[in-house]
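Let's take a friendly walk through a protein model together. Have the structure open beside you as you read.

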Amino acid sequence: MTDRPNAPLLEVRSLRVEFETRRGPLVAIDDVSFSIAPGEVLGVVGESGAGKSLTGTAIIGLLEPPGRITAGEILLAGRRIDNLPYEAMRRIRGREVGAIFQDPLTSLNPLYRVSDQLIETIRTHLPMNEKEARARALQLLQEVGIPGAAERLDHYPHQFSGGMRQRVVIALALAAEPKLIIADEPTTALDVSIQAQIITLLKRLCREHGTAVMLITHDMGVIAETADRVAVMYAGRIAEIGPVRKVVQEPHHPYTVGLMGAIPNLGHDVAALTQIEGSMPRLNAIPPGCAFNPRCPKVFDRCRVDRPDPMPVGGSDVACWLYGEGR
Amino acid sequence: MAQETVLQVDNLKRYFDVSKPWLSRVLEGGGRQVVQAVDGVSFEISKGETFSLVGESGCGKSTVARLIVGLYPPTDGSIVFEGVSLSNPAERARHPEKQARMQMIFQDPYASLNPRWRVGDIIAEPIRFRKLLEGGAVKARVGELLEQVGLSARDAEKYPHEFSGGQRQRISIARALAGRPDFLVCDEPTSALDVSVQAQILNLMKELQASLNLTYLFISHNLAVVSHVSTKVGVMYLGRLVEWAETRTLFNRPKHPYTRMLLDAIPDLDMSGRARTPVAGEVPSPINPPSGCTFHTRCPFATERCRAEVPQALSVDGQNVACHAVEEGRLPEWRGLAA
Ligand SMILES: Nc1ncnc2c1ncn2[C@@H]1O[C@H](COP(=O)(O)OP(=O)(O)OP(=O)(O)O)[C@@H](O)[C@H]1O
Ligand SMILES: Nc1ncnc2c1ncn2[C@@H]1O[C@H](COP(=O)(O)OP(=O)(O)OP(=O)(O)O)[C@@H](O)[C@H]1O
Ligand code: SF4
Ligand code: SF4
Ligand SMILES: [Mg+2]
Ligand SMILES: [Mg+2]
């Protein structure tokens, strides 16, 4: 694992996101910091509801009220983007930051042909005429592996299968060759072969164009193959972040250890999958100290009182009192 | 084991007309275009079993699911559920009691939850519809279901947009379970979930299956999940079933070249350095599928006969395979996954 020589393309510093509710504010993202270098893939994993999508949404400036950023900064190529006016942010979105959302239907308009949606996006960001844009649209559909792309180009979204729609959304995000791609579960509806194709495509973009990718997924197989580093999130915070081999093969944080054990494996036959007992606390009931303490098999007194911050442990950063000066 | 057959599907077909409108065809040229999404699929599911469908994106898995629960009528073929034919809308209309015993968990949890309803009402709907419970008991049951899928009873007050992707998927699972179905069609039920919640849901589904004798049709592209939950697995390619067998048999002794290709493409989590062989070639368009065995364009064992003649499924020891090479006995032994 090389140290990242490049200045980061994306830097998130102490990000905090809250939801205003009648019963007071709910903290959904709490003091999250990380960076991604050009050409690097940062995988983001973690419990459902941990705040992975919200972090991505905050970066591209699409948080919807009552959600808002209440502290921290987000920098793209050294420039702050978390406080930009709507118009300026809209220009960055698509052109410099491409987003693939978890839900393919929200990014596709059911009333327009796929060709129209691709051509419009391409022409908004790139100086191309209708004909050139159409050729580029076709090329994109082929790159994401839509069979019979030429025949499919003029179809409507509902005429595509779930996985095909997801690939159309990927094509839309790649249309203007952005510098940073935020991919939220881009391959969850896809089978392994298409997954491999999309991953190869993303990796090629990273290599050839220095594109940086924030890859949110719960699929550890995809992470193991694609990511350079991984961040593990739990209850709105980063529990562990480090090089992919370290996190997958020598997880430190008890939550990461549990997560790795819950993966079904083809080779092993078990009656029941290992599950981490209990569930993640609701946002309004996050316990004091370490948020994982009610479920943690290694919990000790300090965990119930003080909140651990990430600190270096064997090449990763781990937020757990078992390590460092904690004990 | 003489088990009771719950679902029997025979020569099921569904074609979609995706032609341009008539007028533009006349003006711009171009003929009719038909997608053969499902093209002659037959299988049976016995009570208490889990039958899984796997195959590449677009091969027709969701369409099979939708035909079975009656969201689309079949172009051809028959569907017999608990001994009653539900092959066309008229037959379905005559058997609402059968329809009520099937529930479906959709691939897309966003599209299937009404954004204007509170989660509690969404989950209570099948309970009220089937008049399973009344008054306060409905609310208690909703709370219990929410807890079962790892959410909290208080979440009943909220709206779907207040939940993350995986939390929404769990809401749709709770709703499907609420109607006390005997037969559950699960289209990628856990693909939006992180592995620990996935484990929770899969374990829950197995427990419910054991205690209530539920039958599942399960669709997933995750072969590890499929190997974990299924009794039998069917592999689909371009609208047809190319191989189906008991789960262990299929994973240990895959016969069809396509099944082998899928198994070879599984990502390597152990990072053992096992070469992951990407599936070679592209999925052909279902609008103009190849002749003969539709897999011949990607198959290393294809011959003239494969290009000309559609292979029929052969059954050997309960393992069914539609492939000429298998029939002709010229297929090499499977090397196994570990290689
Ligand atoms: N509009 C909202 N109002 C209140 N809470 C919200 C809202 N949107 C999201 N949340 C909460 O914020 C938390 C983080 O959600 P987020 O969508 O980021 O999760 P996630 O990590 O992406 O999970 P998943 O893997 O299930 O997609 C969740 O607990 C969710 O309930
Ligand atoms: N309503 C429709 N109109 C036209 N074509 C359709 C329609 N629904 C499905 N198709 C086509 O039928 C084929 C099979 O689609 P289906 O949704 O069953 O695939 P799938 O196996 O579920 O794929 P995925 O894994 O991507 O969800 C695809 O080529 C799809 O484009
Ligand atoms: S800080 Fe304590 S409770 Fe939290 S993960 Fe570490 S050992 Fe467990
Ligand atoms: S029938 Fe021929 S082309 Fe089809 S899978 Fe068998 S060997 Fe390959
Ligand atoms: Mg999410
Ligand atoms: Mg589908």
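Over all chains, the structure holds 37 salt bridges, a salt bridge being a side-chain nitrogen of Lys or Arg within 4 Å of a carboxyl oxygen of Asp or Glu. Side chains of opposite charge can pair when their charged atoms come close. Keep in mind that this is a predicted model, where local features need pLDDT of at least 70, side-chain atom pairs count only at pLDDT 80 or more, and totals for chains, interfaces and linings use all residues. Residues are numbered from 1 along each chain as its sequence is written, chains are lettered from A and ligands numbered from 1 in the order in which they are written, and side-chain values use heavy atoms, leaving out hydrogens and water.

Look at one pair, B:R335 and B:D264, whose closest N and O atoms are 3.4 Å apart in a salt bridge. This pair links distant parts of the chain, 71 residues apart, with B:D264 in helix α11 (residues 257–264) of chain B; helices are DSSP runs (H or I, at least four residues), numbered from the N terminus.

Because they sit three residues apart in helix α12 (residues 304–308) of chain B, about one helical turn separates B:E304 and B:R307.

Terms used: Helices (H or I, at least four residues) and strands (E, at least two) are DSSP runs, numbered from the N terminus.
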